[in-house]
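Me: I am new to this structure and would like to learn how to read it, one feature after another. Could we begin with the general idea each time and then turn to the case at hand?

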Amino acid sequence: MEAFIAAVIAGIGAGGVYAILAVGIVVAFRGSGVINFAHGAVAAYAAYNFDEIREPGRGNIYLPWVDPIPEWGVLQKLRLNNLPVRIHIMEDPPTWLAVFVSLAMAAFIGALMHFLVFRPLRNAPTLAKVIGSVGVFIYLGAVALKNFSNSNRNDAGWWGFDSTSDPYVIPFTDKTMPGSNLWLAGSALVVGGVLYLFFRYSRFGIATRAADENEKGAALLGYSPQLLAGLNWVLSSVLAGIAGIVFLHKTNPSQISLLVVFALAAALIGNLTSVVGATFGGLALGMIASGGVDFFQRDFWGEGVKEWLPADGIRQFVPLIAIIIVLYTRGGKLPVRGSISVGRQPQAPATNNATVGTLGLIGIGLLVSNIFVSKWESALTTSLIFMLFMFSLVVLVGYLGQISLAQWSLGGVAAWTTARLAADGMKIREFDFFANGGPNWPLLLAAIAGVVAAVVVGLLVGLPALRIRGVQLAVVTLAAVVAIEKLVLRNTGLMGEGAASTNPMPVLTIFGSNFGGFNENSNQTDNWKFTVFLIFMVAIVGVLVVNLRRGRIGRRFLAVRANERAAAAAGINVSQTKLLGFGISSAIAGIAGVMFAFKLSQLTSENFAPLIGLGLLAFVYLGGITTVTGAVFGGLLVAGGLNGEILHLHFDGVDQSAINIAGGLLLVVNAIMTNGEGISLVNATAGKEILHGLRRDPIPPDFPSGTETSTADSTVADSLEGAVV
Amino acid sequence: MSSETTDGDRLLDIQNLSSGYSGVPVVRGVNLHVDKGEVVALLGPNGAGKTTTLLTVSGLLKVLDGSVTVLGDPATFGAPHKAARRGLAHVPEDRSLFFGLTVQENLRLGLRGSRSAQAAGYERALELLPALRPLMGRRSGLLSGGEQQMLAMARALVGEPKLLLVDEMSLGLAPIIVERLLPIVRDIANETGAGVLIVEQHVHLALSVCDRAYVMSHGEIVLEGSASELKDRPDLLEASYLGGEVSA
Amino acid sequence: MTDNILETKGLTVTFGGLNANDSVNLNVPRGKFVGLIGPNGAGKTTFIDAITGYVPMSAGTATFAGEDIGSLKPHERAERGLVRTFQSLELFEDLSVRDNLLVAAYPTKWYSFILDMLYMTPKDQETEDRVNWALDIMGLTDEADAMPTDLPHGRRKLVGVARALAAKPDLILLDEPAAGLDTAESQKLGQHLREFLDHDMSVFLIDHDMGLVLSVCDYIYVLDFGEIIAEGTPAEVREDPAVKAAYLGAEAGDVQAAAAEAVVGAQSSGGE
């Protein structure tokens, strides 16, 4: 018991960081109505800079971009001036200067985010805003990777103690925790307290709260909502920087990005508006997670439970559960910050004749596969698998309008389940590290079971969608991504010994011939039969998805996406329709995951890491999330796919992080300019859309009903509500 | 009092205005003006386009055709805060109170100008609406409908506006409260020389406080005149409200 | 029992302690055209929201075709033939006008998505005919393939009505179909509305275009401050002094009386 209490209390360390991050998310939300998924990435970027400037003998900081003009090849010969990236401050700066410079960098990023991303998106639909922040997430992560190498940046000493020394005896117990935990919790309380007072009493704070509640009212009183939003973005980013710096002595900055899940949970506990609630929510989550891990690691559970519930899994399950509980109990009442109007959704036109496109695709695929054989084979199959996967996002996000970030994790569930069920405890290839134990099911049966598992988990992920929508759903699904990774994919009890590293994958054999991606002869993933197999899979599923759109169910999906109230009035069972969408989408994601497994000889959980799922959503959005064609373009663009391969051949040194940087940028541009219709619809609407994007009306005149009486009854309701006491 | 004024006295000048939603005009060919010290009523049945006109003046809706000059400058669509800083106050139909804020905080957001000007505006508003004094610390969401309307008025007044737009002050309020609130706009116009444009359902009350009135129907102005002229022709008013031919 | 397709008894909707609808008793006889009028903010839309399941009733009952519908979800009420339109447009903006109607018209089963994906959707001539009829009666046949956003406001209003018609209602609830229409459009709409009665449906209309309501309805209820203050035939309602007071505000002399009434009303409702 004492140990348990000690574990709970020790959780205030991590909890403090969650709290500071959560407060930053609250500030950005109050100021602009955006839930910033990239908040952790901003924290990480500031932390990297803090570390870099303090690195002995360096003293540099890096601006949040990379030099677009590489130091090789044709472009270098043109002798263009390179964009400044690195700024030398001073060697071995005093700590206060390092803190100041890093926070200034965070503030700069906040201003950039406001002006370049969220201000242009201020009247865009939810999806575009989510994509905008996902774009920043991917972009900042890739830029950090490029500017700061991914070496261990753990700066243990900067506060004068590291995580192991300076133990602090926890009161009433004989256990200790790192003294830094107290500092972290203390910082959180100070930050929370200061911001509470600031928002409570300063005119800026009051105006922010006012504009948050009623933008129109604030504007009519002379406050510019966009000015308030910009200042709050800067403040929010500085808070992210503080969180990143104070946590630097515990963890590598690259780990900070995904702490955003805990921070989102804490912010939701604070109703997305309460600084105090977010602060204590963050501390509480840290303590619950720490206590929960201790609790389930107890001996009395027996080895079985310990094995099946990995510590990381329990930890990551805490924010998911917290988010779901908050959204379920308060879902309807959570503030959906009303900007004065919301832009239209991306068009999702029905394709009336898919034959030409399908045949063309098959033909081109076969040509590429046969002419260029082995060289591009692997990139081509990667593109094809991701096309297949992106069909699942077209159905769920494009047609039905439900923003799920978890679909690639479902692909992971299917892939791992297949590998596990088909395993027989024998090594498959000589170089396998592990011989995965399993029931030795026939591979195709195991694959079907894998898809079923994806559908089951997908429906579970979709359940919250019955109560909540839009960005809130995206938050739940992001938490689900992390929970699925830690609790399912990396769970050695569930998925076998190799779940922590690599699991061998059996060979896909049809009619005695190897149809899997891995070529035993060349020791590479360049089996052309697999390519052909995939081409037909993509064609078939693509046609099914096209047909879905032009049928009755597709119409119902679009109706639900457009307007749930009106859909119910038209007799549509909205809940059922949403679950159907999650089911179909999860099945497609599962199929894609299984195909991914078929391609590889070894599965690793890295294949299904959270950032990959976000990247895939990003790329299908680039291609056009509302059409099958868009998914095809998206698949070609993916890092590791055909586009990357071509770039790689022609420009030595173009790597995946460069593609992610470009991708993240393009994503933001695309969200602003084409509203997610992407490459696939650009031809049809390019001119009009781009013009529309450029001069998007500050406040488009789309008041609810178009008549002056529209709000009459609700106004009465509101005022009545106000008159209770 | 409207007939002979100099340009400096013209606070609001709407000429041949068309405006509406999504580029579709709801209001067509409206001509209207408000001068210093004048209370003007904009009347008409629901859906006639009164609120649309006010929203266009504030810059919340786009001028599709014609011109709107507010306090000497054209209406700035998309930047309502600019007109507000010039001295326009708009109490919208939904009152746009900040329910999460206290009465005092709501009022504080309306303050404008130097410290002394702020103090003076604050005092004047509370003199006109003394019922708010004991409620300062209360969250505005917890006020009664009448108190909320008073707060919305007070918040507009503390900034000492040059031009005041009030939309549907009587909405959802008992007649006795309206009867008490409405004359305040008369006092403001008389005391500060501000121009006031009210949209009002209570025709008789509106005509009792205003100098002039316009009657809108289906997006157009169908009737205009001084308060006394309109009081004498209830048949015309009734026709424009309850349907039937307006033959004037 | 009765030939009322819709009956409410004591229907009350409470928002935060005050009654937006207060004990409303209202009947729509089968095959009749009933109107509900009242000034801005009287609680008219709240009434439609309550009987279609968009806001919960705090007290009272609503009976549709003999069945108590109080506990049904909105889509279940729509399936039973109680179909509404919205005051605001609420169209499916990504779907063409015809598809907007088809969404409501086509019934689906749990396995429909499989048939759809295989492009084996059965053609249902009766449904197609009904959609064509709805387009025709609202004069939208020529615009069937346009996107709603490309149509002028008035036409879009009609799409909303047509969509409700396509859902085969037994009772159609029209929430301010004429709001935002100009006089000519409004009159034209009025001409069509009466035709609905020839197609096995009853009609319930809310509008504040008094001319429209008085000219098409068989029977009219008047709502003010959430309560029915008058009812009767159009002729009776037009002459009712309470109605005039509600719309134009009381004449100076009546204010005191009205105020006294309001105070009494507030006390009685506050006591609940």
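Reply: Helices, of at least four residues, and strands, of at least two, are DSSP runs, numbered from the N terminus. Please keep in mind throughout that this is a predicted model. With that in hand, chain B can be described as having 10 helices and 10 strands, and its radius of gyration of 17 Å is close to the 18 Å that the globule rule gives for 248 residues, so chain B is as compact as a globular protein of that length.

Me: What box do the C-alpha atoms of chain B fill, and what share of its residues count as buried?

Reply: Taken along the principal axes, the box is roughly 50 × 40 × 35 Å. A residue is called buried if 20 or more other C-beta atoms lie within 10 Å of its own, and by that reading 56% of the 248 residues of chain B are buried. Among the contacts in chain B between residues at least 6 apart in sequence, 66% join residues at least 24 apart.

Me: How many helices and strands does chain A have, and what share of its residues count as buried?

Reply: Chain A has 31 helices and 8 strands, and 61% of its 725 residues count as buried. Of its contacts with a separation of 6 or more, 78% are between residues 24 or more positions apart.

Me: How should I read a nonpolar core, and which residues have the most contacts inside the largest one?

Reply: In soluble globular proteins, nonpolar side chains tend to be buried together. Here the largest nonpolar core has 408 residues, and A:Leu21 and B:Ile198 are those with the most contacts inside it. Helix H17 of chain A, residues 373-399, gives the most to this core, with 16 residues. Leaving aside neighbours within four places in sequence, A:Leu21 is in contact with several residues, among them A:His39, A:Ala43, A:Ala240, A:Leu259 and A:Ala263.

Me: How many residues does each side give to the contact between chain C and chain A?

Reply: Chain C gives 47 residues and chain A gives 43 residues. Elements that each supply at least two residues of the side of chain C that touches chain A include strand E2 (18-29), helix H1 (44-51), H3 and H6. By class, that side of chain C has 20 nonpolar, 17 polar and 10 charged residues.

Me: Into which domains is chain C divided?

Reply: Chain C is divided into domain 1 (1-81 + 170-272) and domain 2 (91-168), and the contact between them takes 10 residues from domain 1 and 10 residues from domain 2. On the side of domain 1 of chain C that touches domain 2 of chain C, H7(C) gives the most, with 3 residues.

Me: Which strands of chain C form a hairpin, and what is found in the turn?

Reply: E9(C) and E10(C) form a hairpin with 2 residues between them, and C:Phe225 in the turn has a positive phi of about 50°. The two strands, residues 219-224 and residues 227-232, run antiparallel and are joined by 5 bridges, with C:Val222 standing opposite C:Ala230 in E10(C).

Terms used: Residues are numbered from 1 along each chain as its sequence is written. Chains are lettered from A and ligands numbered from 1 in the order in which they are written. This is a predicted model: local features need pLDDT of at least 70, side-chain atom pairs count only at pLDDT 80 or more; totals for chains, interfaces and linings use all residues. Two residues are in contact if their C-beta atoms, placed from the backbone, lie within 7 Å. Ala, Val, Leu, Ile, Met, Phe, Trp, Tyr, Cys and Pro count as nonpolar, Asp, Glu, Lys and Arg as charged, and the others, Gly among them, as polar. Domain bounds come from an automatic or database domain assignment. A nonpolar core is a set of buried Ala, Val, Leu, Ile, Met, Phe, Trp, Tyr and Cys residues joined through C-beta atoms within 7 Å. A residue is buried if 20 or more other C-beta atoms lie within 10 Å of its own, exposed if 12 or fewer, and partly exposed in between; C-beta atoms are placed from the backbone. The radius of gyration is taken over C-alpha atoms; the globule rule is 2.2 Å times the number of residues to the power 0.38. Two strands pair if DSSP finds at least two bridges between them.
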